[in-house]
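Here are a few friendly notes to read with the structure open beside you. They go through some helices, then a nonpolar core and the strands around that region.

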Amino acid sequence: MKVYGQKKGVIIAVVLLLLLMVGTFAFQRDDEQKYDGEPDTEIQDDNNDNDPDTDSTTPAEEEENTDDELEGTQTVNGNGVQNGNLVNNQNGQGNNTNQGGNNNGNIPTFELSTEKLEASVESGNDVLTTTNSIDTTLNELLSQLEIAVSEGEEIISNPTTQTAIDEKQQEIDNLLDQIEDYLDDAYAKAEAAVELSETENTKENLDKATELVNLLPDGDRKDELLERIKDTTAPTITLNGDSSMTLEAGVDAYEELGATVTDNVDEKIENYQLTLINYSVGGIFNSIVENVDTTKVGTYEVVYTYTDKANNTTSVVRTVTVQDTIAPEYVTLRLLRIEPDYSTFAKNGDKIRVLVDFKEELAVLPKLKINNEVEVNFRFSGYREDSNTYLYMADYTIPTDESELAEGELSILVYGYADSSNNIGKDLDNSKINHDTQNMVIYDRTAPTYNFTNGNTFREKEVVVTDEYFDHMTIYNKFKHTVHV
Ligand SMILES: [Ca+2]
Ligand SMILES: [Ca+2]
C-alpha cells in the first residue's frame, strides 16, 4: 500500500516535471542540460531506492544500458506497463521526449545488465570447482570467492540495482585476479624449488620442493612437478679399513670391518656389511663364497652394494689378495712305536709312526726317511681344530726277518713337502722332536748276552747281563726267582 502511495507521488512528480520541461523544450535543445535541472534530484533519489517499482533510472542510464546490450538484460518495468517505451518514441531524441510522450501515465522501463556478472560468476564457479588446495591463504581467497559467487548468483536471479550488480561483479573479478596472482606466484615458487632440487639434489631441497608443490591445486601441472622431485643421487659407500689388502695364507686372518653408507636422503648406515664375495684363483673366477678364507690362495672381491629408497645403487669392492710366500712350517714332530704298544724300544715286527702337523695345508705331501735307508710316504690325517693345524702321518713296520736298519735311536727325515704356492718346506730331523714331551724310539734287534763270572756251573754266584740298548730285562735264577735290574 505504501508502495503504491509512493509510486503515485512519483508519477505525479514526474508528470509535473515533464510538463515543465515541455515548456522549455523549444528553447533548449541540449538533452543533457535538461537533466541538470531540478528533476534530477528526485530521479536520483529513486535510483538509490531499493524498491524495484520506484527504481526508475535516469535517462542517461537507460540510454547506456540500451546501447550496451540486447541480451542478458533484464527488463524491469515499474508497473508492468511495457508500452510507450523509448523505442516507440517517434522523435527518438532521448528519454526526455520519451518521458514527455509517456505523459499519459506510462512508467519508463529500464534494463539491468547482469551479463558481466554472469560471466564472472561462471569464471568463479570454474575456479571453485577446479581449485583445491591445502594452502591457507589460497583457501581463504577461495572461500571469499565462494561467498561472492553465491551472492552474485542471487543478484542475477533477483537483480536490484546496476550498481549492486556491478559491484558484485567487480568483487568477484577482483577475487579471481587475486587467486590468479596467488597461483601464479605459487607455481613460480614451486617450479623454482623443483628446479633447485634437481640441480642440488639434497634432502632439504627435495623436501622444500615437495612441500611447495603439494600446496598447489591438483592437476597435471602439479603431477608433472611432483614427478620431477626425485632423489637421483646414488649413495656413497665408504669402506672401513683398506680397500685393498694382501694377506699371507696360513698366517694372517681377515677381519670384516664393514663399511659406512651415506646418502643425500636415506639415513646413514654404520658398519654396513658385505653382500657377496667373488673368489678367483689365478685371475679366473672360481665361486661366490661366504668368507675370505685365508688358508686358500686367491683373490677375494668383497662386494658391498647399497640401493637407496629411490632405487639408486652403489657398489664398492674391497680386494683381498691371499698370497702364500712362506713355506709350510711344522708345529710338532713326533716319532712313536705304536705296535704292539707305545714304547721307546722297537724290535723287528714292531710298527712305528711319524706324525707332523703344519700351520697350513700341504699341496705336496712329505716323505719320510728312516735311518737314511727306508723311505715312506706321508698321508693326510686330518685338520686339528684344537691347534688349527693340518696333521700328516707315516707308518713303518719293521720287517720280522733281517732288517736293514741300524740299531740304536732311529733317525728320521721329513722332506719334500710344499704348499700350494710351491713353497718347499725345510727338512725336519730328530732335532725337531721335542724330547721334553716325546720319547725317542730305539731299534734293538739283538738279544742280551750274559757271562758267568766264576765259570763254575755248580756254584754260580754272579751273572753279568749286557745289552747295548738296555731297557728292561727279566733275569731268572735257577730257583726261578725273579731278579729285576
Ligand atoms: Ca640417494
Ligand atoms: Ca705357505
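1. A definition to begin with: the expected span of a helix is 1.5 Å times one less than its number of residues. Please keep in mind that this is a predicted model. Helix H7, residues 136-157, has 22 residues, and its first and last C-alpha atoms are 32 Å apart, close to the 32 Å expected.

2. Now for the sides of that helix. The buried residues of H7 are Leu138, Leu141, Leu142, Leu145, Ala148, Val149, Gly152 and Ile155. Viewed down the axis of H7, these buried residues fall within an arc of 135°, so they line one face of the helix.

3. What does the buried side of H7 pack against? Its partners are helix H6 (115-130) and helix H8 (162-199). On the face turned away from the buried side, H7 carries the exposed residues Thr136, Glu140, Ser143, Ile147, Glu154 and Ser157.

4. H9 covers residues 203-214, 12 residues in all, and reaches 16 Å from first C-alpha to last, close to the 16 Å expected. Leu206, Ala209, Leu212 and Val213 are its buried residues, and they line one face of H9 because, seen down the axis, they fall within an arc of 135°. Among the elements covering these buried residues are H8 and helix H10 (220-228). Exposed Glu204 and Glu211 sit on the face of H9 turned away from its buried side.

5. Next, the largest nonpolar core, which has 19 residues. Which of its members touch the most other members? They are Leu335, Val354, Leu368, Leu410 and Ile412. Strands S13 (351-358), S14 (367-370), S17 (389-397) and S19 (412-415) each supply at least two residues of this core; S13 gives the most, with 4 residues. As general background, nonpolar side chains tend to be buried together in soluble globular proteins.

6. Leaving aside neighbours within four places in sequence, Leu368 is in contact with Val354, Glu375, Val376, Phe378, Ala394, Ile412 and Val414. One of these contacts, Val376, is also the bridge partner of Leu368 in S15. S14 and S15 run antiparallel and are joined by 4 bridges.

7. Ala394 lies in strand S17. Is Ala394 buried or exposed? Ala394 has 23 C-beta neighbours inside 10 Å, and the cut-off for buried is 20 or more, so Ala394 counts as buried. Not counting residues up to four places away in sequence, Ala394 touches Val354, Leu368, Val376, Asn377 and Phe378. The C-alpha atoms of Ala394 and Lys369 are 10.0 Å apart, while along the chain these two are 25 residues apart.

8. A last stop is the hairpin that joins S5 to S6 through 6 residues. Strand S5 (residues 259-262) and strand S6 (residues 269-272) run antiparallel and are joined by 2 bridges. To find the pairing on screen, look for Ala259, which stands opposite Tyr272 in S6.

How values were computed
Residues numbered from 1 in each chain as written. Chains lettered and ligands numbered in written order. Predicted model: local features only at pLDDT ≥ 70, side-chain atom pairs only at ≥ 80, totals over all residues. Buried ≥ 20, exposed ≤ 12 C-beta atoms within 10 Å, placed from the backbone. Arc of directions from axis to C-beta. Contact = placed C-beta atoms within 7 Å. Core = buried A, V, L, I, M, F, W, Y, C linked by C-beta atoms within 7 Å. Pairing = 2+ DSSP bridges.
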